[in-house]
Amino acid sequence: MAEPRRTTAPVNPAEQAGHVDPPPRMGFFTDTSVCIGCKACEVACKEWNLVPESGLDLLGMSYDNTGALTANSWRHVAFVEQARPAGWQSSPPMAGTPSGPPITRATAEAAAGTAVDQGTRPGVLPAPDPAPAGAMAAGSQFLGMPGTGLPGRDAERDGRTDLRWLMMSDVCKHCTHAACLDVCPTGSLFRTEFGTVVVQEDICNGCGYCVPACPYGVIDQRSGDGRAWKCTLCYDRIGAGRMPACAQACPTESIQYGELDELRDRARARVDRLHADGVPEARLYGHDPDDGVGGDGAFFLLLDEPEVYGLPPDPVVTTRDLPRMWRRAGLAALTMTAAVVAAFVGRPS
Amino acid sequence: MAEAHPVGFQWVMEAKRRGAKVIHVDPRFTRTSALADSYVPIRAGTDIAFLGGIVRHILENELDFREYVVAYTNAATIVTDEFRDTEDLDGLFSGYDPDRTSYDQRSWQYAGHETNGQVDTATERDTAAGLRHESHGPPVAGQAQRDETLQHPRCVYQILKRHYARYTPEMVERVCGVPREKFQEVADAWVANSTRDRTTMLVYSVGWTQHSVGVQYIRTGAIIQLLLGNIGRPGGGVLALRGHASIQGSTDIPTLFNLLPGYLPMPNHAQHPTFEDWCTSIQHPGQKGFWGNARAYAVNLLKAYWGAAATPENDFCYDYMPRMTGDHGTYQTVFNMIDGKVKGYFLLGQNPAVGSAHGRAQRLGMANLDWLVVRDLFMIESATFWKDSREVETGEIAPERCRTEVFFLPAASHVEKPGSFTQTQRLLQWREKAVEAPGDCRSELWFSYHLGRIVRSKLAGSTRPRDRALLDLAWDYPTEGPHAEPDAEAVLREINGYEIATRRPLASYVEMKPDGSTLGGCWIYTGVFADGVNQAARRKPGGEQNWVALEWGWAWPLNRRILYNRASADPEGRPWSDRKRYVWWDAERGEWTGYDVPDFEKTKPPTYRPAQDAVGVAGIAGDDPFIMQGDGKAWLYAPSGALDGPLPTHYEPVESPVRNPLYGQQANPTRKVYERPDNPTNPSPPEPHADVFPYVFTVSRLTEHHTAGGMSRTVRHLAELQPEMFVEVAPELAVERGLTHLGWAHLVTSRGVIEAKVMVTDRLTPLRIEGRIIHQVWLPYHFGSAGLVTGEPANDLFGATLDPNVLIQESKVGTCDVRPGRRPTGPDLLDYLADYRRRAGLDGHHPPIVTADRDGTRPADDGAPDDETGPGRQRTDRDSHEREG
Amino acid sequence: MGVRTWIEGWPVYRQLTGTDPLGRGAAAKSAASKALTPRTDTADSVARSICPYCAVGCGQRVYVSDGRVTQIEGDPDSPISRGRLCPKGAASLGLVTSDLRQQRVLYRRPYGTEWEELDLPTAMDMIADRVLAARDATWEDVDDRGRPLHRTLGIASLGGATLDNEENYLIKKLFTAMGALQIENQARI
């Protein structure tokens, strides 16, 4: 039923979704260059939206014990420890310290196997199995983001002079072209007058079609409930002219809420400022109306490649080809539906 | 700061946006470091060496803000020729008594004031007398000799210069592990940003206080800030980021053994047997400054306590006051519990089983009481030690043999009671009550009021003298609501004080009368109910006032937001620069004015000079901004008041893997120790066996948790964010010890063992100290066995050794062993610990307070660790010193 | 509800007759979405409060409906915090409404192995008795040279850094009158 996607910036998606004279499109600009990783956003979101606990597991991904955006975590702060300079640092943090050469699997295994017994009895001997030490030393699995070979990780670096600690509060992107909304068969997912994408829990039947549709892996079904849950951009609050809970709590204005056009201007100015201040790696993500999702309602200023933060480098709306496929089928269905409606409405009430 | 005070950090980010440079010095790279322009790793416990290096840099290069320094500090003041520095005495100042491990301060005095100092600082130490100076300086009598050219060899400026001469960048590197280039970067930035036009702010979190030289850490920071003219000026200062909602309030209106409200001293049996003795000791007749009115403050407190019963004839019931005889601090008390001397213990929103140093002693102490009352929001470890503590596991506590009777009373939360908190900048903010407390939950106001009511009713009719203090107590607060909650505002009115005849609230402490016609519970809070209005409840939005926001809440004293703000103007009363204008003299109107309430007599002109014999407030000149100091000057050099020396000196932490590179004296020679078998101290050089505990550990907070965890491990949305105890180690140490990421490790000290998950991180780095690689590990101290997320308490690793000035324990640095795998369990744990103590040679042995010199490894002052000439010469110095003592 | 209303409430009908033929926005808005108002707007009362965690002293607004706290968030008027909160401050609602909060007095008798319940007035009475007994058992009138002591070292207290000034004032006043000296708080720790 959807119209073919335009490749240029659309008019306000709220208008496209039938909202007459909608208010300006609202969104988030998350400036990771000032994020202090406090996670106030995660908590404020959960308190306001009554989101349940998402598990008590120590993940070992730096200070990230949330892991990902899920039905029970609508904000997620990622932490990435990197042996790279931060542009604002006037000197490398660990310069001049006797930090060792990069640990490798081999050196770690050797060390684990040869740890000196301190003669303590009774006691617990040093790990007799060198394998865990080797695994630990293999690099990126023990620091920052999981997985290996991410850009920004440099397992073979010399010493540890440079260090920066990236933090980013991730959230639903409220895409201009939202595949979750496209595939929702119940009308539970809808476009609000603010241009945001919201799951209406009184409608959602838990079919889960939206989950694989999201190019960012954001939307998720809640176990034991079945329905899909995600950030609503605090639809209730913004409808009353208030700020979303996360943005209000954010101590350093890393999360900024406002009219999307204004936020985009602000973000460009911020990037320029950072470039001028010696942070050339600053770049925007999700701000571009010409990208694969038509631009995000929640976009970011990043200090590294998106993959480093666990974001897809080039997201594309997964329903890009659907309109063509469905046009015929849709027309047929619509005709039938109209007939049924006419039959009912025509009767006296 | 981003880590523990994130919302305060918004102002740092704001400053950064405007071009401010942020420098972060910390043993570990934290969330603050992540945003800092410069991060400086440092060995825990060496801050005085680092800051002393900055002092040296300023003085050697004459980079101080000379006009400010000469006019506003005691840099020009001449010190007695009896004074000997640590440079002369190898780490001790003159006046040291090795038997009492304390100083006679007479040789530290200003020239001509030699009779001024405290002779018996051991008593001062036991009563944590340093805390009294939170609101005012110690006394100085009369005028001091000054040399405003700063050239006199015994003027403070020159003494300071000599004292820090060896704190070179090279020495900083040797002691702190801070590379020279890093040090230079900080020194240059600090100086460059401290001018008429710019100010630099020094912010510390109160981990600084948790050292055996904690007070001197802060003094070193203050010396730098004074030399650079950064005190009393906007954007300057030494800011303590305190960690609890009203910890400032609980010092101002203290629940502390040695203080009464407003920093009045609790009477001492020997020093203050009579009311006159007590008043005199506070007032210091002949003293300059605002303490001249101390008698009125004392009388008003006694009138607030005992109301109509307190009369001039009975010295306002002074005899009702309990008397100190020594150290009655929390650690002494805990050891007394273990020894069976304490019957009952109240824990009012405090969880010492996790939150206090030496957790084992805390728990064994509680297990040896008659009764314990725990009041908290949640079930905490301190209430359940008898059934699930580590000592139950080891068999040291058996429930069926533990006689302590425990009452757990649930407490009301902050939204279930009205009242005021005093935040970290002395600002009182009133909270409105939102809802009734559920079930049996009650406020501490309710608990203390009704406990007093019941106790008084049980004593009714008693004729025993000891009961008079309770029966005569002014204890008639109005109550309200279904639970008969006392009216908190009525209590605040009493704290503020009023004229008794009319009940008119006092507007200022200058209205307090010494004749009993007024009363007031805390003189520094007078004014919080001025005009009968709860000033702490003022809520004029920040956006509708200037940036000082004087109409939001109320700050003591008299709503001043920056203390000593007279120093924001030059001696003539003009702003130092237009950019930094704050408070200035308006000559036309003949008064001080500005954005803040001037911290100065409003109409005293800058040109005012006191008569030679002027005392009290009249003794303060018009260009003396430091009005609570006896001489109106800020003290670079403290002739009295600090018990461990007139100048900060680097001592190694009580537990250190290295020998003090600066002096023969290893650790603070006046530290408060409890030499008991249950309070061992790990050996440090030159004692043998320091290698049994080769690593340095430090502890602090995570953003996601709060202190001992009672208010965060119990809260679902916080618990999930940091769900388990962990230890952060550098990759190099992980290799050295075979630690695996997310595997187990355990840490051992002579007091305890804890286990934790391993977090291997680049955010920790080894440091090179004296040619050795020193590893530091970091632990959060939030975890315990109760709540949604659990872990072993880091404070179990510490013993109790205290700063001599304020009796706060060294719990930010210690030495330990780190081993892979989990700890032994059950009684095996005791054997494991005993074996460590045996190998460390600690069976019955405590490190000497004055460093013994037996193996001749004491470093020479030229920096060579094994210099042959060093020890002999220094021993001679020591001998001569000991003859002095 | 009549059939017409029912039909008109049917999204597909709205979709066909309204501005949103694709059924993605206006037509898809559910009844619950239409009725949505932030619970802070319907609160019975709002208390101006201060965060109970660290000493920054951030302003909080505490929203109450039907005698229950329904939301706690930053007070934008505060010149200190400007409406912002850290994760702890933001979790204040969870703190005060937690089902883990103890709401009843518990009592562990000497040598007991389990908690027992006790009513509050009885507990207060028992505590008062014990205070008086401990005080009498350890009372010191004078020192060895006859100087006044007027005290007991048999009773100690620890706490106060998260308590109100008014509470600390009464605690210190009562314990001082009792003769108890060992009154301490977090500021020493």
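Over which residues of chain A does pLDDT stay under 50? The stretch is residues 1–9 of chain A, for which the model has 14 contacts beyond four places in sequence. Here pLDDT is the predictor's confidence in each residue, from 0 to 100, and two residues are in contact if their C-beta atoms, placed from the backbone, lie within 7 Å.

This is a predicted model, in which local features need pLDDT of at least 70 and side-chain atom pairs count only at pLDDT 80 or more, while totals for chains, interfaces and linings use all residues. Residues are numbered from 1 along each chain as its sequence is written, and chains are lettered from A and ligands numbered from 1 in the order in which they are written.

Figure 1. The mean pLDDT of chain A is 82, with 72% of its residues reaching 70 or more. Residues 136–157 of chain A have a pLDDT below 50, and this stretch has 62 contacts in the model beyond near neighbours in sequence. Chain C averages a pLDDT of 93, and 92% of its residues score at least 70. For the complex, the predictor gives an ipTM of 0.95 and a pTM of 0.92.

**Figure 2. The contact of chain B with chain C.** Contacts join 129 residues of chain B to 100 residues of chain C. On the side of chain B that touches chain C, helix H18 (residues 444–459) of chain B gives the most, with ten residues. Helices (H or I, at least four residues) and strands (E, at least two) are DSSP runs, numbered from the N terminus. This side of chain B comprises 65 nonpolar, 43 polar and 21 charged residues. In this division, Ala, Val, Leu, Ile, Met, Phe, Trp, Tyr, Cys and Pro count as nonpolar, Asp, Glu, Lys and Arg as charged, and the others, Gly among them, as polar.

**Figure 3. Strand pairing between chain B and chain C.** Strand E11 (residues 405–410) of chain B pairs with strand E4 (residues 106–108) of chain C in the antiparallel sense over three bridges. Two strands pair if DSSP finds at least two bridges between them. B:Phe408 has C:Leu106 as its bridge partner in E4(C).

**Figure 4. Helix H20 of chain B against helix H7 of chain C.** The axes of helix H20 (residues 488–496) of chain B and helix H7 (residues 165–178) of chain C come within 9 Å and cross at roughly 70°. H20(B) is therefore roughly perpendicular to H7(C); angles under 35 degrees count as roughly parallel, over 145 as roughly antiparallel, 65 to 115 as roughly perpendicular and the rest as oblique. Axes are lines fitted to C-alpha atoms, for helices over the stretch in contact, and angles run from 0 to 180 degrees between N-to-C directions. H20(B) contributes B:Ala488, B:Val491, B:Leu492 and B:Ile495 to the contact, and H7(C) contributes C:Asn165, C:Glu166, C:Tyr169 and C:Leu170. The residues of this contact are six nonpolar, one polar and one charged.

**Figure 5. An open sheet in chain C.** Three strands of chain C form an open sheet in the order E1-E2-E3, with antiparallel pairing. Strand E1 (45–50) and strand E3 (68–74) of chain C are the edge strands, each pairing on one side only. Neighbouring strands of this sheet are turned by 25° against each other on average, direction ignored. E1(C) pairs with strand E2 (residues 59–65) of chain C in the antiparallel sense over six bridges, and C:Val46 has C:Tyr63 as its bridge partner in E2(C).

**Figure 6. Two domains of chain B.** The domain assignment of chain B gives domain 1 (330–466) and domain 2 (672–839); such bounds come from an automatic or database domain assignment. The C-alpha centres of these two domains lie 26 Å apart. Their contact takes 24 residues from domain 1 of chain B and 29 residues from domain 2 of chain B. The side of domain 1 of chain B that touches domain 2 of chain B has eleven nonpolar, eight polar and five charged residues.

**Figure 7. Cis peptide bonds in chain B.** B:Trp556 and B:Pro557 are joined by a cis peptide bond with omega of about -10°. B:Pro557 is in the loop between strand E18 (554–555) and strand E19 (583–586) of chain B. The peptide bond from B:Pro685 to B:Pro686 is also cis, with omega near 5°.
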